[in-house]
Amino acid sequence: MQWLTDMPGIGLKTASLVLLFNFRKPVLPVDAHVHRVMQRLGVLGPKVSVEKAHDVLLALLKPHLDPEGLFNFHKHNYWHGQQICFFQKPNCPRCPLKGFCSYYQEHYGPATPEALAATPTHWDAAAWGQLPH
Ligand code: SF4
């Protein structure tokens, strides 16, 4: 990791992306999407920085996930932040994670059985577009 972060302009996120995506090393890149989703769900506290989140999330996940799992975790949280859990106005009514989400509970109250039943269980490509690859 350090041989990358020692290079000018290469931070922890970029170094982690290179190591995970190109070399399948067991690291977890945390970008703004992953950080925001993890904070809203309540996995990360409100004061945990993006930099610190790399260590916190990796400590939680590494015992359970191999590099492929870490890659999928990053990718799916990235998509979730990009497509549903938007920065300004998260699309909580359509979100399949509402039943576990601190932000949802704060803003809407506990997820009701009706709200959970109304949540799409499959990606609606017609409404939301194709998933990025
Ligand atoms: S319920 Fe809302 S805030 Fe929570 S993860 Fe889903 S979109 Fe984000």
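Analyst: Begin with burial: a residue is buried if 20 or more other C-beta atoms lie within 10 Å of its own, exposed if 12 or fewer, and partly exposed in between, with C-beta atoms placed from the backbone. By that count, 21% of the 133 residues of the chain are buried. This is a predicted model, in which local features need pLDDT of at least 70 and side-chain atom pairs count only at pLDDT 80 or more, while totals for chains, interfaces and linings use all residues. Residues are numbered from 1 along each chain as its sequence is written.

User: What does the chain average in pLDDT, and which element has the lowest mean?

Analyst: pLDDT is the predictor's confidence in each residue, from 0 to 100. The chain averages 92, and 92% of the residues score at least 70.

User: What share of the contacts joins residues 24 or more positions apart?

Analyst: Two residues are in contact if their C-beta atoms, placed from the backbone, lie within 7 Å. Of the contacts with a separation of 6 or more, 53% are between residues 24 or more positions apart.

User: How should I read a nonpolar core?

Analyst: The general idea is that in soluble globular proteins, nonpolar side chains tend to be buried together. A nonpolar core is a set of buried Ala, Val, Leu, Ile, Met, Phe, Trp, Tyr and Cys residues joined through C-beta atoms within 7 Å. The largest one here has 16 residues, and those touching the most other members are Leu28, Val30, Val34, Val37, Met38, Ala53 and Leu57. Helix 3 and helix 4 (50-61) each supply at least two residues of this core. Helix 3 provides the largest share, three residues.

User: Which residues is leucine 28 in contact with?

Analyst: Beyond its neighbours within four places in sequence, leucine 28 contacts Ser16, His54, Leu57, Leu58, Leu61, Leu70, Phe73 and His74.

User: Is histidine 74 buried or exposed?

Analyst: Histidine 74 counts as buried because it has 23 C-beta neighbours inside 10 Å. Its place is in helix 5. Not counting residues up to four places away in sequence, histidine 74 touches Leu20, Leu28, Pro29 and Val34.

User: Which residues of helix 3 are buried, and what covers them?

Analyst: The buried residues of helix 3 are Val34, His35, Arg36, Val37, Met38 and Arg40. Their cover includes helix 4, helix 5 (67-83) and helix 6. Just after helix 3, glycine 42 has a positive phi of about 95°.

User: Where does arginine 24 lie, and what is its phi?

Analyst: Arginine 24 lies in the loop between helix 2 (12-23) and helix 3. Its phi is near 50°, a positive value in a residue other than glycine. Arginine 24 counts as partly exposed because it has 13 C-beta neighbours inside 10 Å.

User: What does proline 26 touch?

Analyst: Proline 26 also lies in the loop between helix 2 and helix 3. It touches Lys62, Asp66, Pro67 and Leu70, leaving out residues up to four places away in sequence. The C-alpha atoms of proline 26 and leucine 65, 39 residues apart along the chain, are separated by 8.5 Å.

User: Which residues come nearest to the ligand?

Analyst: A residue is near a molecule or strand if its C-beta atom, placed from the backbone, lies within 6 Å of it. There are 14 residues around the ligand, and Cys85, Pro90, Cys92, Cys95 and Cys101 come nearest. The elements giving two or more residues to this shell are helix 3 (32-41) and helix 6 (102-108). Helix 3 gives the most, three residues.

User: How do the residues of that shell divide by type?

Analyst: Ala, Val, Leu, Ile, Met, Phe, Trp, Tyr, Cys and Pro count as nonpolar, Asp, Glu, Lys and Arg as charged, and the others, Gly among them, as polar. The shell divides into eleven nonpolar, one polar and two charged residues.

Note on methods:
Helices (H or I, at least four residues) and strands (E, at least two) are DSSP runs, numbered from the N terminus.
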